[in-house]
Amino acid sequence: MARMKFLCDAERCIECNGCVTACKNEHEVPWGVNRRRVVTLNDGLPGEKSISVACMHCSDAPCMAVCPVDCFYKTSEGVVLHDKDLCIGCGYCFYACPFGAPQFPQDGAFGMRGKMDKCTFCAGGPEADNSAAEFQKYGRNRLAEGKLPACAEMCSTKALLGGDGDVVADIYRNRVLKRGKGAEVWGWGTAYGKPEKGATPPAGAKS
Amino acid sequence: MLLTRKSSQTAAAPSRLARGASAFLGNTIDRRTFLKRSGMAAGGAAALSQLPFPVMRKAEAADKAAGGTVEVKRTICTHCSVGCAIDAVVQNGVWVRQEPVFDSPINLGAHCAKGASIREHGMHEISHRLRSPMKLNNGKWEKISWDQALTEVSDRLLKVRKESGPDATFWIGSSKHNNEQSYLFRKFVSFFGTNNMDHQARICHSTTVAGVANTWGYGAMTNSYNDEQNSKCILFFGSNAAEAHPVSMLHTLHAKENGAKVIVVDPRFTRTAAKADTFYRIRSGTDVAFLMGMLHHIFKNGWEDKDYIRARVYGMDKVKEEAAKWTPDKVEEVTGMKEAEVRDVAEQMAKNRPSTIVWAMGQTQHTNGNAIVRASCILQLALGNVGVSGGGCNIYRGHDNVQGATDVGPNPDSLPGYYGIAEGSWKHFANVWGVDFEWIKKQFAPGMMTKPGITVSRWIDAVLEKNELIDQDNNVKAVVFWGHAPNSQSRGKEMIDAIKKLDTLVVIDPYPSATAAMAAMARKDGVYLLPAATQLECAGSCTASNRSIQWREKVIDPMFESRTDHMIMYQLAQKFGFAKEFTAKIKLSKGKGGMDEPDMEDTLREINRGVWTIGYTGQSPERLQAHMRNMHVFDIKTLRAKGGKDAKTGYVLDGDYFGLPWPCFGTAAIKHPGSPNLYQTDRHIMDGGGNFRANFGVEKDGVNLLAEDGSHSKGADLTTGYPELDHVLLKKLGWWDELTEDEKKAAEGKNWKTDPSGGMIRVFMKEHGCHPFGNAKARAVVWNFPDAIPLHREPLYSPRPDLIEKYPTHADQKNRWRLPVLFKTVQDANKDAGKQYPLIMTSGRLVEYEGGGDETRSNPWLAELQQEMFVEINPKDANDRGVRNNEYVWVESPTKARLKVKTLVTERVGAGTVFLPFHFAGWWMGEDMKKHYPEGAAPVVRGEAVNTATTYGYDIVTMMQETKTTLCQVSKA
């Protein structure tokens, strides 16, 4: 069984935001809600690095632990999904998430939070695969179509990788060997922690 | 509680992580191992069967899309020149999704923010498009019918022509038009009777085209994005590819991972610099000094390729003398770069060959742009890097089809294929078009047919200049903006005056564009807006920067009331009375609403029949379409097809280079494979090899201009240098009788550029391996240019009066491209401008937006990412002015134009330089112009246009505008 993971290769990410608009396009995410965003460190300085960040679909997901209504669930491929019918928009998950992934549309009066929205690894939600209801609440379900997340598939420099964690790690390891340096994988330690069975982290993974 | 959801039935299709999301070419990863997921059986077919459920939009679109057939249309991104392929999923005529094309050898499925959001073009609900024809009536936009619009527009233009002559009109075409439309546009305006036409190439790479072509033959990117994978050192000098050509970085970063050194020299620490091994800062506008400084070190250390120079370069000795003068202290004085820095770049380029240089607007948009690009060519010639895989001048063009529109489109000094506008050229095309030469001649005012027209950079002067100073009877009175932003042209403040003075202004565009808002701000009437369809709403071919030509399928029908550009041309041609001549040899097909329009495939066939010079003859629609259907057979590194046969037509792809990069000489039947790298002698011409062009005579002042013996493309029967092919040469060589009788009849008295049968090319190239354009040396000295050897000349607005003394600009010119051009007068008058305006103002691109930005700023997915116009300013300059990050400031230039923008305090720019992105418009010196756009058609994001404040300054050869170096002051708003 594959374990789905994201990896963003900071040596390749050029902050083009292709992943961001690919996501907007595929899921028709409204203005102001960003399931994915690109964060740049040392902007304009030597050592400038960019990372594309979304829900990492953590192994031991903090959001799941804190959710008061247990709206989260996990697929057999390790994708962390949630049920918007159960979500009460409390925002606990946002505080728990180390990646700032959960998004809240500013719905209704008094700036109340709407239902939480986040990256689904293009895997939809609890409704039937590729049903109208699923699309309206969660967007497309590409995994059910045999595709991988739109953001990673369209990444301009193949910096963002999304798919089977083993394959992703292999690809990355290969690049690191070629470069002969810089094995740092941003976020992997935090998201995926201890190596799972059959899922080897790339050399030097750290948070 | 942990719910576990069962895995879905479908596994990812084989290519998805492989050529797609993954390791990318050449790695040891097996492309077939991709995703180890459960239920592995499925492939592409299974994925397709599950394609889109009709849930895109709740309202009408969803209903419209529901059911019906799902089609996948293959098109090409319409933003930059990389040429990224897109699979558009269309259901019942509604564009419901877009999928990456992993098979494309150019982009392997990758997209930047613009390409990944291009489906927005097809979304009615959120569209900010121009929906119907409009007319400015007493200062208000008023909706009118197409009939009324075409009638009134044509009546007004005919009236101007009748009263003031055809040269009183100016036609601004578009690098966004596909090849066929660009070609038709040249013909259309010619038949109206004027050479007053131009397009974005003027303000993008005109200096490159002129400078590079005059050096060695063709003014285009010599190699390709893909070929960078063969480079050992890549110098970005005047290019910020990470923002302007993001997907090209796929190849650059791959090269880097394989050990190539990446160097960026730029006034800014760009996002490209962030990915480089080496970055050095240079003062804006001192490019020639830096390149000469590099050559100084190269010659001093004997790093030049002496054999190559002897056999293939003319005049390098003279350059060597000039470079000797550029001692490190002088280079530092001018550029601000230390000796060690310049030497380091020279050494890295010399010791890591093949090395390549990449440039874009950073080199071209200067008052001495033609000299800068030639200095870059000379650098590569000195190192023996041209005509070498991994070397070359990788010149990144701008728009998706700016290369093609330059090649076959509306240029004021040239007919399609750079044929020029001498009478012989007109006769050649009269023949190709199937019209009488004398008839065309009559359309023009006497003598004007062979006189280069006005350039788009200077149409405002053609309106405003004193009549006695211009080289045509009347000033320009009517302007047609046909797919061109106004805010990409400099001197915006004066553009408003020009717009006020016009009789008629017509905008034909998918968006009303800033032109509409500027016009409505400046005047009450005489302005028309005609909605055009985008390239996603029609078929046609487009030429990527690497000269590969790709065929776009039509994705959706023209939206709202828009019509295709070629339909509008045809309908105006009907009004002007030359529709029959316009399509004499092109068949018509039914377009929107059953109305006639020129057939795009048939138009390409006409191009194939006429454009021999640059080899646009072998790219038949059938061949191009076969390439698009079989992208997977092309190698990612070489672009060459390994085997492969098109299932639909049986066409054998083996050996073709992807997109048949021009020159693809001879007729399609000869099957020339295209030329991936120009001038490459280690390949046979029928394998895409070549040599430098013989276009400048056979000798100069007693010195041989042809290539030396033994320097020729592989397998050529002529092993010496030789002139270009004509009937005399063919006869002299004794090869004439290899022509068929029909070919002989056609070729008699002709040369390779005018022989309509292509027979001479066939014999010379296919049978004897020789290059139809001859085999000569490249010119390090371009004696027909004002500065035969590239010279540094200070920008007109320079912060350094001491250097203006030492490196003054040109003398004023009385008449270039029909207008006087000021150089010295402006420079002298502004010698001390630096006292009041001490900051160098430069401009450039952002990744989210393209060109003037009307289209991309109207796309909410992009607009959300860049919501405000800004100025990058160094912390020192900000602190000295008491401004802080993210505050409004006024940026004022010597024209007294003032821009109200937000600050971005950053060390990305050095102290003394500020940077502003050029994609914004819709504010005018502090005022939001929203009310001046037609309702609902203002772009989502509006801001000050940097070109409102840019100053006077043009390249002496091409009238390229200076946008990269001027002066300004910043103060708190």
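The structure is a predicted model, in which local features need pLDDT of at least 70, side-chain atom pairs count only at pLDDT 80 or more, and totals for chains, interfaces and linings use all residues. Residues are numbered from 1 along each chain as its sequence is written, while chains are lettered from A and ligands numbered from 1 in the order in which they are written.

Chain A has 7 helices and 6 strands. Here helices (H or I, at least four residues) and strands (E, at least two) are DSSP runs, numbered from the N terminus. Along the sequence of chain A the pattern is β-α-β-β-α-β-β-α-α-α-β-α-α. Of its 207 residues, 56% count as buried. A residue is buried if 20 or more other C-beta atoms lie within 10 Å of its own, exposed if 12 or fewer, and partly exposed in between, with C-beta atoms placed from the backbone. Among contacts in chain A between residues at least 6 apart in sequence, 56% join residues at least 24 apart. A contact requires that the C-beta atoms of two residues, placed from the backbone, lie within 7 Å.

Two loop residues of chain A have a positive phi. A:His57 has phi near 55°, a positive value in a residue other than glycine. A:His57 sits in the loop between β3 (49-53) and α2 (62-66) of chain A, and A:His57 is buried, with 27 other C-beta atoms within 10 Å. For A:Lys158, phi is near 60°, again positive in a residue other than glycine. The loop that holds A:Lys158 runs between α5 (150-154) and β6 (160-164) of chain A. A:Lys158 counts as buried, with 27 C-beta neighbours inside 10 Å.

The next topic is helix packing in chain B. Two packed helices are described by the angle between their axes and the distance between the axes. The axes are lines fitted to C-alpha atoms, for helices over the stretch in contact, and angles run from 0 to 180 degrees between N-to-C directions. Helix α4 (residues 146-164) of chain B packs with helix α22 (residues 565-576) of chain B at an angle of about 55°, with the axes 10 Å apart. α4(B) and α22(B) are therefore oblique to each other. In these terms, angles under 35 degrees count as roughly parallel, over 145 as roughly antiparallel, 65 to 115 as roughly perpendicular and the rest as oblique. On the α4(B) side, B:Leu150, B:Ser154 and B:Leu158 meet B:Gln571, B:Leu572, B:Lys575 and B:Phe576 of α22(B). By class, this contact of α4(B) with α22(B) has 4 nonpolar, 2 polar and 1 charged residues. Ala, Val, Leu, Ile, Met, Phe, Trp, Tyr, Cys and Pro count as nonpolar, Asp, Glu, Lys and Arg as charged, and the others, Gly among them, as polar.

B:Met292, B:Leu295, B:His296 and B:Phe299 of α9(B) make the contact with B:Val319, B:Lys320, B:Glu322, B:Ala323 and B:Ala324 of α11(B). The residues of the contact of α9(B) with α11(B) divide into 6 nonpolar, 1 polar and 2 charged.

Strands of a sheet pair through backbone hydrogen bonds, either parallel or antiparallel. In chain B, an open sheet of 5 strands has the order β11-β10-β9-β13-β14, with parallel pairing. Strands β11 (278-281) and β14 (393-395) of chain B stand at the edges, each with a single partner strand, so one side of each is left without a neighbour in the sheet. On average, neighbouring strands of this sheet are turned by 20° against each other, direction ignored. Two strands pair if DSSP finds at least two bridges between them. Strand β9 (residues 233-237) and strand β13 (residues 355-359) of chain B run parallel and are joined by 4 bridges. Within β13(B), B:Ile357 stands opposite B:Leu235. In the loop between α13 (339-351) and β13 of chain B lies B:Pro354, which a cis peptide bond with omega of about 5° joins to B:Arg353.

Chain B also has a barrel, closed by 6 strands in the order β27-β31-β28-β30-β29-β35 with mixed pairing. The twist averages 45° from one strand to the next.
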